[in-house]
Amino acid sequence: MVTPVIEVNNLAKWFTDENHRRSRVLHDVNFNVFPGETLVIMGGSGCGKSTLLNCMIGELHPDRGSIKIFEKDITTMDEFSLNDIRKKFGILFQSGALFNSMTVGENIALPLQEHSEIDPSIINIVVTIKLEQVRMLAHRNKIPSQLSGGQKKRAGLARAIALDPKILFYDEPSAGLDPVTVAAIDELIISLSKKLGVTSIVVTHDMPSAFRIADRMVMLHKGKVLKVGEKREFEVLRDTPAEELTDPNDQLIHQFLLGLGHGPLTDSEGISEYEKIMTDGFI
Amino acid sequence: MSDRTLIKKENSVLLMLRLIGRTTLGWYDKVMSGIRFLGGMTILLGQILWWTVMSLVKPDIRFRRPALIYQMVRVGVRSISIIVLVQMFIGIILVLQMAPTLDMYGQLSSVANIIAIAVFRELGPLITAVVLSGFAGASIAAEIGAMVESEEVKALRAHALNPINFLVVPRVLATVLMMIGLTVISDVMGIIGGFTTAVGFLGIDSQVYLQNTQTALVAKDFITGLFKAGIFGLQISMIACYLGLRVTGGAVGVGKATTQTVVFSIVSLIATDCLFTAIFYIFGL
Ligand SMILES: Nc1ncnc2c1ncn2[C@@H]1O[C@H](COP(=O)(O)OP(=O)(O)OP(=O)(O)O)[C@@H](O)[C@H]1O
Ligand SMILES: [Mg+2]
């Protein structure tokens, strides 16, 4: 039995809004991530994907449960131990989250300057290599506002891999990009995971992209894990006709994977559950 | 009493109760947010001191000298010309306001003493701080707020970089240092403004003016002024960083933080100034 790189156990998170109303966003979430694999976390808008990701990177504190990364529980750590773990992972944020006052090259150099004792001339070379890996060498001296959405993501990715991380988190890598650019970013994700052997966790609701990059998948719905499994199992659910599926959860996943306009996720008036969640909130 | 008036009376009582309830709740919310603000500022001050001390004593935590210098230039240099101009005007205004009254008592030349004390102890630090809250405070709040909104601050944390150490400390130290430096300039300019007006316009003898300025001032006036300047700088930059880091709600939120920074800064500057003046008065400083 391989030890998981990340173990999420009974994770629960509540949010309190400004009217002091509490709503539960994550319900007892459980799953493991194994070394070298690419795990895709998917689910509709507002189902708690970003919340889950933020808990995993130590940005949010869950109310219950544990998240073990390299067998250490990050939910009980102080900032310094957490930072030691953070140095081992890279994150590609949805917008790229580049530091806007620095050039692309400086963005990538920053983690190296801050967390390694590498000589400045060598940092320069490392930056070149990382930029080359994401095909962004030509844009080294641009500032982020001069880049397109796809270029920002590539630059963000170069920064995420600057310190040769063991784990890479991706927050909606395909959001806001055209299908061809999405495919190119997916290629990049796959090649980084193969070349560097990193473990990847990808949050997305872009299904073609999810099926391209995933080894295993987690389906979230209203803050609960509906299904964790190999990509193959999800492909079967996707390709089986809805009438043949008996389990309501399977029907729900089927509708989600195919993006169908009717099914258990949509009510009789054609309003999706996700829209309702976003307007009503849920307890 | 008819039913009608009864209902009316009941309604007005209910209305009154509701009004009282709402006002109380409104006040309660305001007081609570005030307490939260002060608590947050206290925690921030603790963090700033901790990181500053740590970066000086612990070799593995870097003291960000380049960032500090960059921020000092940014905070200070652009505001020099404004402070020079404003403080000159203040010197001129003071002389012209004081002159008729002093002249009545045949004390026209002691306008120099008044200007010296007023500028060094009070107006030098205060006017500089007000100008800087508009210049540095607003721009720091807007900058950090925009960084929060574009996930840059989150990205810093994700790269194991503490935003307090990385963003707040250089800005706060830079503002404190530049506040002190600019106050010196400001003091000098106030005196120059007063001097030129008094000598050129009111015909006071320049030797007498300088003599009076010298006798009026003792070291403690200069030092209490600079001490206040340092505290003012700390206030402005901390308020700006605090409100900037707490931005939510996109561009609107950034705009709100910027305005709030200027308003809160000016109110708290004058309140602190009042407090210090009282303390200095009591202890004869
Ligand atoms: N800071 C917060 N305070 C209160 N509620 C929040 C907060 N952040 C998220 N929520 C709520 O938690 C729920 C889950 O949000 P989350 O951002 O995790 O969804 P998501 O799955 O990432 O959605 P999307 O695909 O649209 O990004 C939503 O209903 C949202 O309104
Ligand atoms: Mg999200």
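Q: Hi! At what angle do helix H3 and helix H5 of chain A pack?
A: In this predicted model, H3 (residues 104-115) and H5 (residues 149-160) of chain A pack at about 25°, and their axes are 8 Å apart. That makes H3(A) roughly parallel to H5(A), a label for angles under 35 degrees.

Q: And is the crossing of H3(A) and H5(A) left-handed or right-handed?
A: Right-handed, that is, the near helix is turned clockwise from the far one by less than a right angle.

Q: Which residues make that contact?
A: H3(A) brings Val104(A), Asn107(A), Ile108(A) and Pro111(A), while H5(A) brings Ala155(A), Ala158(A) and Arg159(A). Contact here means heavy atoms within 4.5 Å. These residues divide into five nonpolar, one polar and one charged.

Q: Switching topic: how much area do chain A and chain B bury between them?
A: About 1900 Å², with 53% of it on carbon and sulfur atoms. Buried area is the accessible area (1.4 Å probe) lost on putting the two parts together, summed over both.

Q: Which residues of chain A lose the most area to chain B?
A: Glu59(A), Phe99(A) and Glu114(A), together 27% of what that side buries.

Q: What does Arg157(B) form a salt bridge with?
A: With Glu59(A), the closest N and O atoms being 2.5 Å apart.

Q: Which conventions apply?
A: Residues are numbered from 1 along each chain, and chains are lettered from A in the order in which they are written. Local features need pLDDT of at least 70 and side-chain atom pairs 80 or more, while totals for interfaces use all residues, and side-chain values use heavy atoms.

Notes. Axes are lines fitted to C-alpha atoms, for helices over the stretch in contact, and angles run from 0 to 180 degrees between N-to-C directions. Helices (H or I, at least four residues) and strands (E, at least two) are DSSP runs, numbered from the N terminus. Angles under 35 degrees count as roughly parallel, over 145 as roughly antiparallel, 65 to 115 as roughly perpendicular and the rest as oblique. Ala, Val, Leu, Ile, Met, Phe, Trp, Tyr, Cys and Pro count as nonpolar, Asp, Glu, Lys and Arg as charged, and the others, Gly among them, as polar. A salt bridge is a side-chain nitrogen of Lys or Arg within 4 Å of a carboxyl oxygen of Asp or Glu.
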